[in-house]
Amino acid sequence: MTFPRVPRLDVHRYLGELPVPLEYEGPCPGGQVGAAYVRWPDGHRSVLTLGPDVSELLAPARAAGVPAPRYELVHPPVVVQELLPGTTPRTPTAATIRSMVEVNRRCRGVLAGRPDLPGLRLHLRADGPGFCLHGPLRAYDGRTRRLLDQVEEVGRAFPDTLEGDDLVHTDFHPENVLIDAEGTVTGVIDWDGATRGDAGFDLFTLGFDLAHRAPHLAPDLHAIVPSPVLLVSWAHMSLRMVDWAIRHFTASDVTTWLDIADRLRPPDL
């Protein structure tokens, strides 16, 4: 049984369509869809990615001390953004996780007074746009079907939009930050899914990732994420990671994310 994969960035195709001649310098490390280093005619370097223009969300975040990139060129579906300092952590440390939690604190309240901005869609009732697909879990095996039943039960009990005044990254984990030699975050990257919502969602995303990547660093999510946010965040991340593993990785990876979903399931579900 096969399921559709999300296509990776075809950088050479998009470079030829840009209004400015940018030189390709190689792929950026990590990521599931891809990003590329490019050089401008004046010699400075940037990062080219696929994604929406979320610069309106990132400007107030930078004003609040969040190290988010400036967008230098938006040519849908391509974004060319500032190359931030630092390197992706090979292995996260306690110092980096503390710094990430501080970045999360700075994201709180930065979108207050902006009800015109859409809230965070959870996709617990129907498929998301290329992720959080329900069909793969329904078709894969009995264990994934049981998980999907629980996810959709949460979806029926709560709104499918998580509201709030915070800037939410939606994919907040160590591969999407840059750090200095001390482990302090110098940049947060991959803001394609940025939206308005509750910053507790990003803390849960971080904890869900660390449960796999570095369990000894995973925070006590029940202590730092409010109960309603915890429940819908668990449902979203369980759906998202298991769906992605089914479509892009191995059966062993599917089992790993199912085990994490079981381990982090809120007690009131």
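How much of the chain over residues 58-209 is helix and how much is strand, and how far apart are the end C-alpha atoms? Here are some notes on this predicted model, starting with that stretch.

1. **The annotated domain.** Over residues 58-209 the chain is 34% helix and 18% strand, with 23 Å between the C-alpha atoms at the two ends. The range comes from UniProt, where an unreviewed entry lists residues 58-209 as "domain: Aminoglycoside phosphotransferase".

2. **A cavity to look at.** The structure holds 1 cavity of 30 Å³ or more, and the volume of the largest cavity is about 30 Å³. Its lining is made up of Val 103, Asn 104, Cys 107, His 169, Phe 172, Trp 191 and Asp 202. Sorted by class, that lining has 4 nonpolar, 2 polar and 1 charged residues.

3. **Aromatic pairs, part one.** The count of aromatic pairs comes to 2. In one of them, the ring centres of Phe 204 and Phe 208 are 5.8 Å apart and the planes meet at 40°, so this pair is tilted. Both residues belong to helix H6 (residues 200-213), where they are 4 residues apart, about one turn of the helix. Phe 204 has 0% relative accessibility and counts as buried; Phe 208 is buried as well, its relative accessible area being 0%.

4. **Aromatic pairs, part two.** Phe 208 also pairs with Trp 257: their ring centres are 5.8 Å apart with the planes at 5°, so this pair is stacked, the cut-off being under 30 degrees. Because Phe 208 lies in helix H6 and Trp 257 in helix H9 (residues 251-264), the contact ties together parts that are 49 residues apart in sequence. Trp 257 is buried too, at a relative accessible area of 8%.

5. **A charge over a ring.** For anyone setting up an interaction analysis, here is another ring contact. Arg 45 lies over the face of Tyr 37, 4.9 Å from the ring centre.

6. Gly 135 lies in helix H4, which covers residues 135-140. With a relative accessible area of 36%, Gly 135 is partly exposed.

7. **A cis peptide bond.** Most peptide bonds are trans. Pro 76 and Pro 77, however, are joined by a cis peptide bond, with omega about 5°. Pro 77 sits in the loop between strand E4 (71-75) and strand E5 (78-82).

8. **Positive phi at Thr 170.** Most residues other than glycine have a negative phi. Which value does phi of Thr 170 take? It is positive, about 80°, although Thr 170 is not a glycine. Thr 170 is placed in the loop between strand E8 (166-168) and strand E9 (177-179). With 11% relative accessibility, Thr 170 counts as buried.

9. **Positive phi at Asp 190.** Asp 190 is another residue other than glycine with a positive phi, near 60°. Its loop runs between strand E10 (185-188) and strand E11 (195-197).

How values were computed
Residues are numbered from 1 along each chain as its sequence is written. This is a predicted model: local features need pLDDT of at least 70, side-chain atom pairs count only at pLDDT 80 or more; totals for chains, interfaces and linings use all residues. Side-chain values use heavy atoms; hydrogens and water are left out. UniProt positions are given in the numbering used here, feature names are shortened, and annotations may be inferred rather than shown by experiment. On a 1 Å grid over the protein atoms alone, a cavity is a set of points where a 1.4 Å probe fits but cannot get out, and a pocket is an open set with protein on both sides within 12 Å along at least five of seven lines; lining residues have an atom within 4 Å of a point. Grid points are joined across faces, edges and corners, and a volume is the space filled by probe spheres set on the points. Ala, Val, Leu, Ile, Met, Phe, Trp, Tyr, Cys and Pro count as nonpolar, Asp, Glu, Lys and Arg as charged, and the others, Gly among them, as polar. Rings of Phe, Tyr and Trp (its six-membered ring) pair if their centres lie within 6.5 Å; planes under 30 degrees apart count as stacked, over 60 as edge-to-face and the rest as tilted. Buried means under 20% relative accessible area, exposed over 50%, partly exposed in between (1.4 Å probe, protein chains only). A charge sits over a ring if NZ of Lys or CZ of Arg is within 6 Å of the ring centre and within 35 degrees of the ring normal.
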